Amino acid sequence: MDPILDGLNHAQREAVTSSGSILQVLAPPGSGKTKTLTARVAYLLSHHGYQPQDVICCTFTIKASREMRERLAKLIGGKSESRLILGTFHSICRRYLVKYGYLIGLRRGFGIADSDDTRAIIRRTIKRLKSSIEPKAAQGRISRHKAHGRSPEAVAAKAKAEEQEIVDIYRDYESALAASNLLDYDDLLLRCGDLLREHPQCVSNVQAVLVDEFQDTNIIQYELVNLFASKNRRITIVGDPDQSIYGFRSAEIANLKRMQRHYSNTTVVLLSDNYRSSASILNSAQEVIEQDTSRPAKALQATHSFGTLPVLRKLPTPGAEAKWMVLEIKRCEAMTGGLLRMSDFAVLLRSASLSTQIETAFGRAGIPYKMVGGRKFFDRTEVKILLNYMRVVSHTGHSDALLNIVNVPPRRIGDETIKQLTGGADKAKVPLWDFIKDVVRGRRSTEKKLQKAAEQGLCSLMKLIEASRQKLQDCEDASAPRVLIEFITERLSFQEYLIRAYPLDEDSRWANVKELMHQATEVAAFEEEEVDKEMDLPEIEGVEQQQAHAGEEALTRFLANVALATEITTKDEEQEGDQPKEKVTISTIHAAKGLEWPVVFVPAVYNGSIPHSRAEVVEEERRLLYVAMTRAQALLYLSLPIRQPRLGEGEDGSTTLTPFLPPKLVTNRFRLTGPPLHEKAVYSIADILRRPRPSLEDMYRGLALLPSTLDDRWTPEGEEDRTKFDGTSARDVDEPNPKRRRSDMHQGPGSTTYMSSAGYTMNNSTQFTVPTTVSSGFTSARDYITANPEPPVESTSKSKPPADVAVANKPSASSSTRKDGLTQASISNFFGGPGLQKREPVIASRAQPQPQPSRRYGQPAQSQYLTQSVPPALSSHRVQQRPLQPSRPTLEPTNPNGYTWMAAPSRPGPKPRMSVTQERTGNNVSAGTAGTGASEAKPETSTRGFQAVSTFHTTTMSMVQQAPRRTLGIRRSMNGWQDRMKRDGGGHVS
DNA sequence: TCAGCTTTCGTTTTT
DNA sequence: CGAAAGCTGA
Ligand SMILES: Nc1ncnc2c1ncn2[C@@H]1O[C@H](COP(=O)(O)OP(=O)(O)OP(=O)(O)O)[C@@H](O)[C@H]1O
């Protein structure tokens, strides 16, 4: 068998081997589109005899390109993958323009205008034109025009009155770019289109063109695809309309249809098997996307088991939300016996700005993370300064870069001087730099005489730039970027400057400078390794421009890479051990496109965040949530703070759950707290990840460090669980809730205050008083447990105690050396005991006839039964007997389109129904919009009384802090939580 | 006129 | 919190 087709299913193979010249692979997330595309590249090379340099493959991000190159290296080997023309549209276009741009009159050594340049230029012209348009808005509209290929003239032609202003700015902006020899992101595509239209011979070698994530291409990119393929007309694209999330950047889903219309011989292959996510995750995501009624129904079939039901968690505040993630990550890590590592977790955000609280919480908890997307390394001011120096050195006509550094570090060149200089340069119609040079040399003068100090400053700047340019001339290899950075930092006494300017964090800023140097070095090394990184086309007489000067070339390329880079490609930062960095990923949803993680958190799913308050198209926001959810393989956590202080001015800051998660969907497809992670749940995770199941011993091992084996630090309604505190704790909560405070004052500590903030039934409230009252008096968990060997009777009968509570309450707990009553024995019970290990394969593959939410196994009673060696089937029977009264219609695990349950189509009967019932009762909270926390009164009891009990072991331990500077150790006071909160709130530590 | 300080405002998503 | 505008002493 052809190794290329290994591990592909029938439909995938069909796509890979299709003889169709125009091929569209349309498929839902996780169906192996990228895998298929990669295989097709390999297939075309090996079976059609195409040369790698004759194949163009466009991915959406640089990261995706890298990954594909790596995958191909494994698939075909022989280094031929390095000759592929593979990259983002922008980087491929840049390569063509570097080689052939002169054919369309492009000046050599052009730079790329990043969004800062763009913004600066637009701001300047708006000021000059005295326009009242927001720079941001102007920028967006100009880019939109460009992305549709509309020149200023074209816009002007049919512009309405108010558009006229934009046209002026647009024109001005274009000429400013030209003056600085800059191309912006849109220009890269546009000009490359121009080039290939006028000189198709540049791509006359191209045999095949492949595009990933085609649903996110814009019109220009679509045209580019056609131009690339103009010789051989062999195009393969993969995409998924449901995952189109770049409409704000003028991406058009319609390109799919457009292509079908354009090429009547288009072959369309649909894939429907999902290999990534558990069926329960898929179900919920599917229901989200199906709310879009304009969308045609699509087949989507899970190949994995039902797995663990996704979580929709409510928490008091964003800060609590972040802490909750910390706890859940630690809980998952500790309870899965080494199955999950830090790099298996991802936090996906609608906006990068949401990351701050998460980052601080992770930092305090010692959870290693990396932030991708959002604020970029190359955007940091200190880095930016050096880069701008390099840009000026590389091309002195780059006036914007020059303006950015002309007075950094301070050279006594202020607003007035700058006004004189730019005004003079404008008048003389020469570039700013030339004008400055002339002024310094006394060949020209400004209207008003410059101050002496300013002139001196200009003089020293000129000397520096000239010296740097000389340095560059002398450096004739790829090390130029690094040499220059070093030279400039040296000459500027940059480190001293940083110390002076940023006394608070000069060290981290200097570290960034070091990192920049490192980046420059890496680029150099990279170049030497892969000389043929830039493709060469021996084609026609289109001779590439003489490489001019290797040093200059390396410099422009470095700067271009910086402008096009999303994140730094640091191979192995923080050495600190030979381990490859194990880190949680924090990312924007956009940047997570195409990726997958075993465990995914999507915080802040409230109205205003997603859909974003400024979003133009709600459907796109829904797709965004869909994309985020479908990144998860085994565990999916959505969450929201019920109060967001910064939101809504005079309001109480309460949030509303995103409309994309209507109550019915939440009730049916989500649980409200993190799942119990007992043996079977863990096995199911392992199976979905296709990893070996951890041993029970390993699973026990981590437990000692956990404050709780359950997600019970907050109530399912998202309030502080008062049983975790004594009465004074309100102020220890990171974001004190004013309401809560007030009620504290009225009712005094230690009482049942917290009920006032949640609409519990009386029935429940009587239960609450027990633990709450006790908590202020008892001295140790064990005391309490021995004093109350059994939970309150009604609770046992009416509610379902969390699994580990049942365990913790067993008398055997008293033998524990732990004060929380968690013994090895009880832990073992929790997991069902070693004896049970082999009893059932558990939810495994699609062959498994009964899709049951795995959390069923986590039901409290269950673990008790398990300890008694009752087979799961039986225990579920027992569970069903419990007096459950779901207040809502019990749902079939329905699935309108009939695909969600296909993982086990054979017997959908009563079983699933029962499981869903359990879901409901397990989390008896209002599934409705998260409002003020008023939950519906429900007949069934809550687990409150038990949470209190479980609290007792919870409170005794606090997490072990790994990071040395983060203090803490194992804490055994009854105030574990409380102390921790204090610390967490208080920040600094030893 | 410059530099440094305080104040204010607003905060999507990305190549 | 970071950028940008405003204010004030040198
Ligand atoms: N035939 C298969 N058998 C087993 N696993 C597969 C198969 N095809 C794909 N996978 C796995 O499914 C996961 C998703 O694959 P891939 O990333 O290619 O999907 P995708 O359709 O591109 O997803 P997205 O649309 O989210 O980008 C990967 O882990 C991949 O290894």
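Which residue in strand 16 is the bridge partner of Lys 314? In this predicted model it is Leu 640. Residues are numbered from 1 along each chain as its sequence is written, and chains are lettered from A and ligands numbered from 1 in the order in which they are written. Because the model is predicted, local features need pLDDT of at least 70 and side-chain atom pairs count only at pLDDT 80 or more, while totals for chains, interfaces and linings use all residues; side-chain values use heavy atoms, with hydrogens and water left out.

That bridge belongs to an open sheet of six strands, in the order 11-16-15-12-14-13, with parallel pairing. Strands here are DSSP runs of E with at least two residues, helices are runs of H or I with at least four, and both are numbered from the N terminus. Two strands pair if DSSP finds at least two bridges between them. At the edges sit strand 11 (311-315) and strand 13 (369-372), each pairing on one side only. From one strand to the next, the twist averages 20 degrees. Strand 11 runs parallel to strand 16 (residues 632-641), and five bridges join them. Helix 24 (residues 618-629) packs on the sheet and touches strand 12 (345-349), strand 15 and strand 16. Its direction makes about 130 degrees with that of strand 16; axes are lines fitted to C-alpha atoms, for helices over the stretch in contact, and angles run from 0 to 180 degrees between N-to-C directions. Contact means heavy atoms within 4.5 Å.

Next comes helix 14 (residues 355-365), where Ser 355, Ile 358, Ala 361, Phe 362, Gly 363 and Ala 365 are buried. Buried stands for under 20% relative accessible area, exposed for over 50%, and partly exposed for in between (1.4 Å probe, protein chains only). The buried residues of helix 14 pack against helix 13, strand 12, strand 13 and strand 14 (584-588).

Now for the aromatic rings. Rings of Phe, Tyr and Trp (its six-membered ring) pair if their centres lie within 6.5 Å; planes under 30 degrees apart count as stacked, over 60 as edge-to-face and the rest as tilted. By this rule there are eleven aromatic pairs. Phe 60 and Tyr 246 form a tilted pair, because their ring centres are 4.6 Å apart and their planes are at 55 degrees. Phe 60 is in the loop between strand 2 (55-59) and helix 3 (62-75), whereas Tyr 246 is in the loop between strand 7 (235-239) and helix 11 (254-262), so the pair links distant parts of the chain, 186 residues apart. Phe 60 counts as buried at 14% relative accessibility, and Tyr 246 does too, at 8%. Ring pairs also bring in Phe 248, linking Phe 60, Tyr 246 and Phe 248 into a cluster.

Trp 324 and Phe 601 make an edge-to-face pair, since their centres are 5.7 Å apart and their planes at 85 degrees. Trp 324 lies in helix 13 (residues 318-335) and Phe 601 in strand 15 (residues 597-602), so this pair ties together parts 277 residues apart in sequence. Trp 324 is buried at 0% relative accessibility, and Phe 601 is buried at 1%.
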